[in-house]
Each structure stands twice: as C-alpha cells, then as structure tokens.
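User: Please take a close look at one helix of this model and its surroundings. I would like one connected walk through the part.

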Amino acid sequence: MAASGGAVTAGSVRTWYPTLVSLPGTPPNWLFGPVWTTLYVIIGVSAWLIWRRTAGTSPRGYAALRLWGWQLGLSALWPPAFFGLHTLGLALAVIVLLLGAIALTARAFARIDRLAAALLLPYAAWVLYATYLNAGFWWLNHS
C-alpha cells in the first residue's frame, strides 16, 4: 500500500503539483522526504516509549496507543486525498482531523510519559505548517 501511495504521490509531484498556484513559504519538493522520514522515526519512538511504559496492556496505555494508530491512519489518508484524488478540500478536512488526533494523542501520551508527548511536538508543528499549505493551495486553486 505504501509503495502504491508513494507512486501516486511521486507521479503527481512531477505532473499535477507544479501546475498549482503556490503560496508564500512553499518549501522545495526535496525537503518533504527527509522531513517525513525523520518525523516517522520520532513518532515511532514516541509510541515505543508508551508501549514500554505500559506494555500496551493498561487501559490508559491501550487508549493512548489506539489514538496513536488513528492519527497514523489519518496521516496515511492525506496523500491519496491530496495527490491521488487532487481533492484539496477533502485533503484539508483530513489534515484538520489529523491535527486534532495529534493533539489528543499528545495529551494522552503526556499522562503516561512527558518525553513521548514532547516527541510529538515537531510532528504537530509540521502538520500545522502542512495545514497552512493545504489551505493555501485550496484557496488559490479551487474553481
């Protein structure tokens, strides 16, 4: 699934994405790969800290890790909505839900391990930035 999603994203980055009207602060395309790779490592370490602390068996740990899974799922839905379907409004709705899920996950993680919660902050900041970009692309390019 990741490979097919990556193929859709890569194809659209080369063909469709350059046709969009850009907004101030749009980063170069090469930046997204290293940033997301780093963020996914940090997100994984954050969940591992919660798992290690609770073994995933306590109700609080289970609930926190379930939220982590939901936000990860929302994160996986955004590229197909944006790059696959070229539906900027749907992608914007997904990313706003993702921001909320990250906030809920960080709050649940903070109750168990403050470092795990703090590790989600760069992720939240990047997704907030991506929300600005998504909203701007939607505003400038909807017809």
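Analyst: Start with H3. This helix has 26 residues and reaches 37 Å from its first C-alpha to its last, close to the 38 Å expected at 1.5 Å a residue. Keep in mind that the model is predicted.

Next, its buried side. In H3, the buried residues are Gly61, Ala64, Leu65, Trp68, Gln71, Leu74, Ser75, Trp78, Ala81, Phe82 and Phe83. Just past the end of the helix, His86 takes a positive phi of about 60°.

Helix H6 covers residues 121-141. Its 21 residues should span 30 Å at 1.5 Å a residue, and the end C-alpha atoms are 30 Å apart, so the two values agree. Buried in H6 are Tyr123, Trp126, Val127, Ala130, Thr131, Leu133, Asn134, Gly136 and Phe137. Their cover includes H2 (32-54), H3 (59-84) and H4 (88-110).

How do H3 and H6 pack? Their axes are 13 Å apart, at an angle of about 25°. Angles under 35 degrees count as roughly parallel, and H3 and H6 are therefore roughly parallel to each other. The crossing of H3 past H6 is left-handed. On the H3 side, Gln71, Ser75, Trp78 and Phe82 make the contact.

The buried residues of H4 are Leu88, Ala91, Leu92, Val94, Ile95, Leu98, Ala101, Ile102, Thr105, Ala106, Ala108 and Phe109. Among the elements that cover them are H2, H3, H5 and H6.

Asp113 lies between H4 and H5 (114-119). Its relative accessibility is 8%, so Asp113 counts as buried. The cut-off for buried is under 20%. Leaving aside residues up to four places away in sequence, Asp113 touches Leu49, Ile50 and Arg53.

Methods. Residues are numbered from 1 along each chain as its sequence is written. This is a predicted model: local features need pLDDT of at least 70, side-chain atom pairs count only at pLDDT 80 or more; totals for chains, interfaces and linings use all residues. Side-chain values use heavy atoms; hydrogens and water are left out. Helices (H or I, at least four residues) and strands (E, at least two) are DSSP runs, numbered from the N terminus. The expected span of a helix is 1.5 Å times one less than its number of residues. Buried means under 20% relative accessible area, exposed over 50%, partly exposed in between (1.4 Å probe, protein chains only). Contact means heavy atoms within 4.5 Å. Axes are lines fitted to C-alpha atoms, for helices over the stretch in contact, and angles run from 0 to 180 degrees between N-to-C directions. Angles under 35 degrees count as roughly parallel, over 145 as roughly antiparallel, 65 to 115 as roughly perpendicular and the rest as oblique. A crossing is left-handed if the near helix is turned anticlockwise from the far one by less than a right angle, and right-handed if clockwise.
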